[in-house]
Amino acid sequence: MIKRVSKFCKSYLVIVCIAVLLVFMAIFYPSYFSFSTFKGLLIQISVYGIVACAMTIAIIGGEFDLSVGSILPFSTLLFAYLMPKIGIFPSILLILIMGGVIGAVNGFFVSVLKLNAFIVTLSTMLAVEGIMLTFCDGMPIPAVNKATRAFGTGNIGGIAYIAIIFFIFVLVTHFVLTKTSFGRNVFATGGNYNVAEYAGISVKKIKFLLFVILGFASAFAGILLTCRLQAGSPLYGSDVSMSVVSATVLGGTSLSGGRGSVFRTFLGMIFIGMLSQIFTHINAYAYLQQLIQGAVVVAIVILDAWNNRKREDELAGI
Amino acid sequence: MSDVILEMKNITKRFPGVVALDDVSFCVGKGEIRALVGENGAGKSTLMKILNGAYSADSGEIWMHGKRVMNKNPLEAQHNGLSIIYQEFNLVPSLSVAENIFIGRLKQGRKAIDWKDIYKKAEELMHNLNYDIDVRETVENLSVAQKQMIEITKALSVDAKVIIMDEPSAVLTENELRKLFDIVLDLKSKGITVIYISHRLEEIFQICDSVTVLRDGQIIDTSEIKDTTKQQLIEKMVGRKLEQEFPTRNVELGETVLKVNALNRGNKVKNISFELRKGEILGLAGLVGAGRTETVRLLVGADRAVSGNLEIKGQNVNMKSPLEAKRSGIVLLPEDRKTQGLLLEMPITQNISVVGLEKVKNKFRLLSRGTEKEEAMKYFKTLKIKAPSATQRVSFLSGGNQQKVVIAKWLFSGADILIFDEPTRGIDVGAKYEIYMVMNELVAQGKSIIMISSDMNEVVAMSDRVIVMHDGEIRGELEGAEINPESVLKYAIE
Amino acid sequence: MNRQNSQAGGKLNYIASKYGMLSILVLIIIVAGIINPAFLTGQNIINIFKQISATGLLAIGMTFVIISGGIDLSVGAMMSICGVISVVLIPRFGVPAAMLLALLSGLVLGIFNGIFVSATGGTMGSSFIITFGMSTVLGSAALCITNGAIAYASKYKSYMVIGQGYWGVIPITVAIFLICIVVGQIILGKTGFGRLVHCIGVNEEATRLSGIRTRVIRISVYAISGLMAAAGGICLCSRVRSASPTQGAGYELDAIAVVLLGGSRMGGGAGSIWKTLMGVVIMGVLTNALNVVGVTAYPQKIVRGVIILAAVLMDLRSAKAENEMLATKV
């Protein structure tokens with residue numbers, strides 16, 4: 001029994017983390033528990049959560065993307081800039097294309113030229129940031145529009161539209177990962193690249209698509225953020241890659257690829273969201289929150305490696 | 001013989017400096033179990049890789065079902081009805097059994113993946129083979145034998161007509177082996193051809209119909225199994241009398257230098273105790289996976305023992321790390337030289353000096369390339385290393401010379417006990433003799449050697465004493481006249 | 001029949017990759033000199049070095065890390081936090097002690113990086129994710145220390161000496177940078193430690209089995225990187241007369257870029273401090289040239305992103321060319 005519990009805790013570390021947070025708040029800040037905090041939590045995690053879904057697919061496929069950190073803010077600025085000029089839907093379309101193109105550039109360098117994904121996405125992050133800052137000269141752009149405002153702040157029965165879209169994303173991602181051949185090929189590619197290639201899976205195409213999906217998702221997340229905040233800014237989403245990677249890894253999707261699930265990432269997002277809510281609730285520094293988030297990532301990665309070693313030892317009967 | 005299913009015509013494949021396959025023609029019938037035997041480096045793996053499309057032949061043709069085929073890659077070979085089961089399995093460890101069987105072919109039509117259907121199909125396939133594995137289990141949790149079954153199932157599910165098995169028995173226990181034989185015979189009854197590559201001649205006589213011998217890239221002979229004997233096969237494989245293959249030595253054994261007491265680590269090393277004497281070559285025999293490599297890794301601190309201890313010349317030695325082991329003069333020459341023994345991208349000089357950088361420093365405590373080169377040149381002479389210069393990158397050396405660089409490295413460190421893990425694997429026949437000479441010279445100088453080897457001739461000819469391991473335990477110890485292939489094998493398979 | 005040709009081609013490729021950087025440097029200098037003759041004055045050249053010395057210090061540490069087969073994304077944040085420490089500690093401890101403590105912090109934090117990276121297997125991937133996480137930790141720690149504000153240093157005259165002072169005609173920061181280059185090259189190229197840094201970059205397991213404490217080497221490499229980042233942070237703060245908790249953001253990328261531009265190999269094993277010096281100079285000249293011809297800060301970011309990518313691509317090509325070259329030799 002104890003063994004089974006400990007096994008469960010090991011594989012669902014994030015649930016334990018969430019439970020710890022809840023107990024802590026229940027003891028020291030019972031006022032935390034209310035429907036409005038819950039609503040707030042959902043709104044808070046929804047936008048990044050969409051990027052997290054795409055990041056989960058990428059990490060299962062054995063890849064990684066830092067450029068989401070500049071695609072997202074760039075798309076908020078573009079949306080704010082284009083919407084009054086060419087209308088809502090044409091600008092959405094253009095922005096999605098922009099995201100897809102940047103993703104395709106990443107994908108090309110990683111899958112065809114076989115460059116390291118970290119360094120490629122670092123450089124595109126920098127380049128897109130440069131383009132963005134040149135474009136807006138470092139200033140935010142207001143995006144006041146009745147329709148987008150109604151959409152960005154509206155809700156059904158207290159659940160924000162944006163949160164509902166996030167839920168849909170989670171479900172679709174889950175479906176794609178478990179029920180489509182694309183999804184399973186992502187698992188195979190991330191699990192063992194050579195075996196996947198031998199099995200006739202077009203591994204290069206898979207890797208390429210991972211980045212395109214990430215590009216789309218980040219651009220789309222940027223549009224939603226603009227609707228919610230009624231502005232575009234180069235500072236929005238600066239910490240998205242950190243949050244999203246933390247959530248994914250925290251959820252238990254291994255960085256070495258080949259295993260993971262989007263529900264785990266969902267739980268990871270909940271944890272990250274709760275963490276930041278709690279910090280606001282107890283009036284801690286925003287900086288301290290970032291610090292702890294970084295520390296959590298480092299700790300999780302070390303724990304993950306340690307777990308892997310344990311498992312190998314267990315297989316060897318030690 | 002019945003219908004020919006696979007035919008290779010005049011296949012030639014050259015690599016820089018060697019002809020790996022020289023005008024090889026090869027032909028197998030439907031439902032035949034054909035053994036393919038030959039020494040390491042005879043060209044078996046090249047032949048397989050060409051069939052499989054991993055290599056392309058320089059010249060020659062492959063015909064299957066009476067049609068010429070071009071196997072440009074493994075996938076195409078699979079479409080043409082040819083599957084290979086390698087020793088290192090082609091499986092994705094993080095995925096389920098069923099998914100591994102149907103990898104790349106999970107979906108039919110436009111609908112979502114029907115997992116129930118896939119599990120059912122996988123179960124059916126398993127049933128057909130009378131095998132019982134939970135198809136929902138993750139592959140990484142399975143035993144080696146079970147993984148092999150999955151590979152066979154996978155091959156059948158793509159409707160393979162020819163299945164090549166590369167040393168399938170090397171990793172199996174006796175029970176599992178019997179099971180494998182049943183399956184191979186079952187495949188035969190279904191009209192599937194099996195090409196069975198193995199070093200164990202006994203097995204071949206048990207289940208194969210015919211046997212092809214490959215030597216130095218040429219087909220020496222193909223015959224019905226009933227028309228040949230083991231002795232004949234060995235002679236054809238080796239191509240000369242065995243005695244000529246090994247140099248003689250006459251070394252007086254000295255006092256005990258190494259004493260291993262009750263070493264344990266997991267299920268690969270169980271309660272291992274033995275002794276080693278000065279001037280002795282101790283053979284460590286057993287099947288692949290018997291725990292030999294795992295044991296010697298503990299001796300040099302590459303892994304940590306869970307319990308047990310080590311005495312060198314009467315002194316208790318802490319085997320915490322390879323550094324401690326190096327200081328006490330016990331070192332390992334690993335089987336996988338390229339990834340564990342050598343710094344491939346670095347010159348010979350630096351590969352040697354890495355174990356004793358203190359000895360190549362000048363008076364300012366900085367490295368002296370001149371001294372490094374002088375030291376390396378000493379070993380060029382004594383070990384007959386052949387290379388254009390001492391600063392040649394080791395990646396460009398032949399297997400034999402690479403092995404000599406590893407030996408030089410450890411001599412430079414002043415080691416007294418050298419553990420050779422498969423000392424001649426991947427080394428040409430001619431160069432093997434030189435490695436044996438070196439080993440003999442080392443023990444003549446008063447050093448001691450532990451030699452892991454899967455090459456029976458090597459074990460029998462080179463060892464003063466042989467310890468046979470099986471399933472992580474020592475099963476037998478042979479000395480002097482007791483050392484012969486039959487008794488070694490008896491303990492190894494048990 | 002084509003063998004002769006391809007061999008000659010391989011050689012050409014090899015030479016191009018070996019001297020390609022030098023020719024690019026010369027080209028940039030010529031073009032910038034024609035567009036704006038002020039570019040080639042002695043004063044401007046000293047300026048170039050002054051601007052690049054902080055990046056250069058980081059790049060020295062980064063060279064060690066990259067040759068050992070890893071990467072250190074935390075040096076930018078490390079630079080920020082050590083810079084901040086060196087300024088905020090002055091009132092309590094005085095200038096020299098504050099600087100020493102800042103250097104010590106860099107060293108210790110670097111050791112932590114090293115321990116964490118070793119604990120996660122010491123691979124390229126683990127060094128990326130660990131130092132990426134540490135970069136967030138250190139960056140936000142710097143913000144916590146100053147509560148997001150900038151710490152001004154203009155009133156501490158002796159602190160400013162490093163960034164503002166001269167030895168003869170050479171600015172002190174430049175002198176420090178050049179000294180570190182020489183010392184770094186000796187350590188990396190001539191000592192046993194330096195050799196082992198190369199060895200773990202080529203094959204850590206083989207090195208460990210050769211009886212080397214590879215873990216200690218790996219940790220030391222990150223310690224050096226941390227120390228150099230601290231030195232870079234102090235030089236930068238002293239030059240701009242203040243410590244901003246975000247001043248180092250982005251510097252890690254520049255440091256990686258110059259190391260790769262110089263021709264050290266991503267993934268370890270090959271490289272030298274001289275090469276990095278070359279990369280630093282190219283980056284300095286390029287940035288200066290962009291300034292001189294009037295390109296503003298934001299578009300310069302785009303150029304940098306493209307340069308990093310180009311440097312990695314070039315790295316790939318030169319690795320191929322060198323292999324072909326050596327293979328045909330035999």
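A residue counts as buried if 20 or more other C-beta atoms lie within 10 Å of its own. Keep that in mind for strand β8 of chain B, where Thr193(B), Ile195(B) and Ile197(B) on one side and Val194(B) and Tyr196(B) on the other are all buried, so both faces of the strand are covered. One thing to know before we go on: this is a predicted model.

- Six strands of chain B make an open sheet, and their order is β6-β7-β8-β3-β9-β10, with mixed pairing.
- At the edges you'll find β6 (82-85) and β10 (218-224) of chain B, each of which pairs on one side only.
- Going from one strand to the next, the twist averages 20°.
- What holds paired strands together? Strands of a sheet pair through backbone hydrogen bonds, and the pairing can be parallel or antiparallel.

**Pair by pair**

- β6(B) runs parallel to β7 (residues 162-166) of chain B, and four bridges link the two. Leu82(B) has Val162(B) as its bridge partner in β7(B).
- β7(B) also pairs with β8(B), again in the parallel sense, over five bridges. Here Ile163(B) stands opposite Val194(B).
- β8(B) pairs with β3(B) too, in the parallel sense and over four bridges.
- Is β8 (residues 193-197) of chain B mostly covered or mostly open? It is mostly covered, with five of its five residues buried.

**Helices on the sheet**

- Helix α5 (residues 144-157) of chain B lies across β6 and β7 of chain B, and it runs at about 175° to β6(B).
- Helix α8 (residues 230-238) of chain B packs on the sheet as well, touching β3 (33-37), β9 (210-215) and β10 of chain B. The direction of α8(B) makes about 25° with that of β9(B).

**The largest nonpolar core**

- This core holds 349 residues, and the ones that touch the most other members are Val51(A), Ile419(B), Leu58(C) and Ile308(C).
- Which helix gives the largest share of the core? That's α11 (residues 203-229) of chain A, with 18 residues.
- Zoom in on Leu58(C): leaving aside neighbours within four places in sequence, its contacts include Val75(C), Met79(C), Met228(C) and Tyr251(C).

**Chain C on its own**

- Chain C has 13 helices and four strands.
- Of its 330 residues, 55% are buried.
- Among contacts in chain C with a separation of 6 or more, 80% join residues 24 or more positions apart.

**Where chain A meets chain C**

- Chain A puts 30 residues into this contact and chain C puts in 31.
- On the chain A side, α6 (117-136) and α14 (286-315) each supply at least two residues. The largest share, 13 residues, comes from α6(A).
- That side of chain A splits into 21 nonpolar residues, eight polar and one charged.

**Where chain B meets chain C**

- This contact takes 24 residues from chain B and 19 from chain C.
- On the chain B side, α10 (322-327) and α11 (337-341) are the elements that give two or more residues. α10(B) gives the most, with four residues.
- That side of chain B comes to 16 nonpolar residues, four polar and four charged.

Technical notes:
Residues are numbered from 1 along each chain as its sequence is written. Chains are lettered from A and ligands numbered from 1 in the order in which they are written. This is a predicted model: local features need pLDDT of at least 70, side-chain atom pairs count only at pLDDT 80 or more; totals for chains, interfaces and linings use all residues. Two strands pair if DSSP finds at least two bridges between them. Axes are lines fitted to C-alpha atoms, for helices over the stretch in contact, and angles run from 0 to 180 degrees between N-to-C directions. Two residues are in contact if their C-beta atoms, placed from the backbone, lie within 7 Å. A nonpolar core is a set of buried Ala, Val, Leu, Ile, Met, Phe, Trp, Tyr and Cys residues joined through C-beta atoms within 7 Å. A residue is buried if 20 or more other C-beta atoms lie within 10 Å of its own, exposed if 12 or fewer, and partly exposed in between; C-beta atoms are placed from the backbone. Ala, Val, Leu, Ile, Met, Phe, Trp, Tyr, Cys and Pro count as nonpolar, Asp, Glu, Lys and Arg as charged, and the others, Gly among them, as polar.
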